[in-house]
Amino acid sequence: MDAATSEPDVLPQEPVRDAAVTRRVGQLRLIAGLVQGTVLYFLYHAQQSGNWPASQPMLYLPLVLAAIVLPVLLISSLGHLERRPLALWLGAAAAVLAVVGMHDAWRNAFDHAPLLRPSFLVFPFCLGFFFVAHSLVMAGAHDRRWVAHYATCFESAWKLAIQLLFSALFVVGIWLVMWMGAALFGLLKLNFLEKLLMKSWFSVPLVCVAFSSAMHTTDVRPAIVRGIRSLLLVLKAWILPIAVLLVGGFLAALPFTGLEVLWQTRHATAVLLASSAVLVVLVNAAFQAGDAAAGLAGSVRFSARLACFLLPPLAMLGVYALGLRVADYGWTPDRVIAAACLLVAVFYAAGYVYAAVRRGGPWLDGLRQVNLAAAMLSLAVALSLFTPLADPARISVASQVARLASGVTATDKFDYGFLRFRGARYGMEALQTLAAHGAGPQAAAVRSRAASVLSQRYEDRGETGTAGPADYAANLSVWPQGVQMPPGFLAQDWAAIRYPAWAPGCLRRAGSRCDAVLLDADGDGRQDVLLVGENRADGAALLAEREGRWQVIGRPPKSLAGCAGLQERLRAGEFSLAAPRLRDLEAGGQRIVLTPVEAIEPDCAQAGSASR
């Protein structure tokens with residue numbers, strides 16, 4: 001059956017509720033908010049004191065997630081879902097939260113002390129997953145169908161988004177007003193309100209009750225929500241032509257600039273994904289529920305159709321960029337997440353092209369089916385990432401260890417610190433296996449390095465002094481090839497130098513990589529060492545031996561680290577020592593260094609590179 005005849009074009013209307021029913025629903029929502037605040041305070045107090053259930057992470061983390069998410073779902077559902085559907089939906093949501101929370105606790109509780117808070121990405125997952133799922137459930141309940149009409153899903157999702165946004169703003173407003181009152185009383189030397197706000201038993205329930213109150217207020221005034229939604233959609237629809245012009249210009253410029261400049265950024269996939277997401281959001285702002293074509297300007301309708309054709313090249317470029325990085329360096333957690341996002345992006349791109357070329361029926365009518373299918377796909381992909389099925393850490397650890405075992409990654413270039421500090425339980429178990437049995441053609445060296453990293457404390461990761469002499473040698477790639485590091489360099493305790501924070505990350509952390517370029521920078525006839533980190537966060541520094549000890553004597557621009565083009569030229573010896581632009585001044589026996597005011601940051605795009 002054609003979607004044009006099966007889908008209603010009129011947005012669903014909220015049923016008119018009796019005032020007494022509305023009042024009772026409001027009371028239940030306030031009670032739910034108060035209970036949520038009380039439970040969250042109990043869990044917080046248990047964590048601070050170490051009492052049950054905080055002593056059982058496999059129980060505690062699911063309880064934390066449930067206490068945050070389930071009351072919000074209940075508050076939003078009251079007055080819309082009957083008891084049986086409400087119980088089934090909350091039960092299903094609780095099961096998802098239990099699986100995600102228990103897996104998160106299991107994967108992270110492998111070190112000296114269990115982690116008593118969910119991983120950072122679990123909160124964005126809960127927000128995105130349950131926003132989509134709850135919108136679909138509420139729409140299905142309204143239409144009394146397993147899969148609701150698209151117009152109902154559109155109405156449900158936008159209503160929930162505006163409710164959450166303005167409820168959060170209301171909570172911030174309440175909090176600011178309370179602190180204003182505390183400041184006013186503080187002028188009179190009355191600090192009781194400030195002390196009260198600092199008490200978690202008061203502040204946590206206050207936030208939850210304020211949030212539930214705002215959710216109820218926005219729910220019983222649907223006309224206000226629709227007005228705000230209409231205004232936002234109109235404004236975003238007029239942004240669409242600008243976005244299409246910019247993305248189209250970017251794609252048109254690629255044949256002239258080449259793709260190499262994209263790979264040098266090392267974040268091309270993220271930018272391409274973000275651009276795809278912006279286009280999808282703006283196209284839907286113009287499409288709305290499928291009934292907005294008559295009120296749109298011709299330029300907006302044309303831009304929406306053109307945007308559908310811009311999505312495939314963006315998605316394919318992202319896939320290609322990610323494929324190059326994975327082929328060269330294997331999987332990492334960030335790349336696994338990017339691959340999951342690209343899967344959804346490719347689905348959107350294919351579906352939107354189908355809707356744009358489809359003839360007959362209303363304008364871009366195929367977007368209805370594509371958006372509903374993409375929502376289902378997004379739920380499946382997101383849930384897979386936060387369960388053992390597609391855990392980014394599990395996939396990444398397996399990939400990196402396989403590359404080490406096969407010899408693709410050299411023993412001295414393998415990132416053992418990744419297994420220890422970013423691989424969760426999977427990485428720790430793999431590191432223990434490497435320390436016991438080794439891997440690859442140099443199993444003995446692997447065992448030694450793995451044991452060294454395994455002995456480091458998790459709480460000291462990234463701090464000065466965690467790397468030792470064995471780590472220095474493993475972290476450095478010396479150039480020109482075949483030369484040896486100067487005597488005493490690798491044996492020095494870099495935590496004891498004058499300015500330890502100036503030393504690049506490869507002298508402070510196991511697993512951090514640097515290029516070590518030997519040159520005579522100061523003209524004293526002795527070799528100095530220019531260290532340049534693979535990532536900008538690792539930094540760069542020029543080191544020289546002074547009075548028997550190596551010290552940092554110069555700091556190149558921060559952008560040199562991670563600049564693939566310049567690093568490749570340094571490795572190849574394609575550089576020369578140039579005279580300073582300005583000479584120093586000497587006055588009264590003191591040297592005054594003059595720094596040029598013009599920009600001195602290197603331009604990676606102009607440097608040329610043979611590295612991606």
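Colleague: Where is the place of Pro486?

Modeller: Pro486 sits in the loop between β1 (476-479) and β2 (514-519); strands here are DSSP runs of E with at least two residues, helices are runs of H or I with at least four, and both are numbered from the N terminus. Before we go on: this is a predicted model, where local features need pLDDT of at least 70, side-chain atom pairs count only at pLDDT 80 or more, and totals for chains, interfaces and linings use all residues. Residues are numbered from 1 along each chain as its sequence is written, and side-chain values use heavy atoms, with hydrogens and water left out.

Colleague: Why is Pro486 called buried?

Modeller: Its relative accessible area is 13%. Buried means under 20%, exposed over 50%, and partly exposed in between (1.4 Å probe, protein chains only), so Pro486 counts as buried.

Colleague: Which residues is Pro486 in contact with, leaving aside its neighbours within four places in sequence?

Modeller: Leu518, Gln527, Val529 and Trp550, contact being heavy atoms within 4.5 Å.

Colleague: What makes α6 and α9 roughly perpendicular?

Modeller: The axes of α6 (residues 150-187) and α9 (residues 222-257) come within 10 Å and cross at roughly 100 degrees. Axes are lines fitted to C-alpha atoms, for helices over the stretch in contact, and angles run from 0 to 180 degrees between N-to-C directions. Under 35 degrees is roughly parallel, over 145 roughly antiparallel, 65 to 115 roughly perpendicular, and the rest oblique. The α6 and α9 pair is therefore roughly perpendicular.

Colleague: Which residues of α6 and α9 meet?

Modeller: Among them are Phe154, Glu155 and Trp158 in α6, and Val225, Arg226 and Ile228 in α9.

Colleague: What makes Arg226 and Glu155 a salt bridge?

Modeller: Their closest N and O atoms are 3.3 Å apart. The rule asks for a side-chain nitrogen of Lys or Arg within 4 Å of a carboxyl oxygen of Asp or Glu, so the pair of Arg226 and Glu155 qualifies. Arg226 is buried at 16% relative accessible area, and Glu155 is buried too, at 8%.

Colleague: How many salt bridges does this rule give?

Modeller: The count comes to 14. One of them joins the side chains of Arg29 and Asp219, at 3.1 Å from N to O.
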